[in-house]
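Okay, everyone, thanks for coming. Let me put the structure up on the screen, and then I'll walk you through a few spots.

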Amino acid sequence: MALSMGGNSIINVSIPNKNILYASYMPFVTDGGLFVRTNKKHNLGDEVFLLIDLIDEEEKIPVTGKVVWISPVNQGSRVQGVGIQFSPADSAKAKEKVLKYLAGLLEGNTQPTFTM
């Protein structure tokens, strides 16, 4: 779900399991990032505010970031959405939580993700 905030967006992200987290995480992005399914139009560089409902976490994780990837509609088997790079100020906490769940899943894994 995406709400507009004067050019910026608030996006609620629900990641219910490790498979979706693996497919969404963008480890190749400096400070880490997540791919978010959305049909709302964004431009590269747009600032967004994510509220991430991550697997077993009791509270949503607030993260600011910017759009660094766009998968528009009609891209073959690709899911429509945007990749959000975590801001340096918020990346440590968000990345720590994400990597805790992905421990052991990233190294050598060749399964496709939403971005690669």
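This is a predicted model: local features need pLDDT of at least 70, side-chain atom pairs count only at pLDDT 80 or more; totals for chains, interfaces and linings use all residues.

Let's start inside. The largest nonpolar core has 22 residues, and the ones touching the most other members are Leu 21, Leu 50, Ile 52 and Leu 54. Who contributes to it? Two or more residues come from each of these elements: strands S2 (8–15), S3, S4, S5 and S6, plus helices H1 and H2 (88–102). There's also another core lying apart from that one, with five residues, including Met 26, Val 29, Phe 35 and Phe 114. As a bit of background, nonpolar side chains tend to be buried together in soluble globular proteins.

Now look at Ile 52. Leaving out residues up to four places away in sequence, Ile 52 touches Val 13, Ile 15, Leu 34, Glu 59, Lys 60, Ile 61, Val 63 and Phe 86.

Next, strand S3. How many of its five residues are buried? Four are, so to speak mostly covered. S3 pairs with strand S6 (residues 81–86), antiparallel, over five bridges. On that pairing, Phe 35 sits opposite Gly 83 in S6.

Last stop, the loops. Most residues other than glycine have a negative phi. Asp 31 isn't a glycine, yet its phi is positive, about 70 degrees. You'll find Asp 31 in the loop between helix H1 (18–24) and strand S3 (33–37). Asp 31 counts as partly exposed because its relative accessibility is 25%. Ile 55, also not a glycine, has a positive phi of about 35 degrees, and it lies in the loop between strand S4 (47–54) and strand S5 (61–71).

Key: Residues are numbered from 1 along each chain as its sequence is written. Side-chain values use heavy atoms; hydrogens and water are left out. Buried means under 20% relative accessible area, exposed over 50%, partly exposed in between (1.4 Å probe, protein chains only). Two strands pair if DSSP finds at least two bridges between them. A nonpolar core is a set of buried Ala, Val, Leu, Ile, Met, Phe, Trp, Tyr and Cys residues joined through side-chain atoms within 4.5 Å. Contact means heavy atoms within 4.5 Å.
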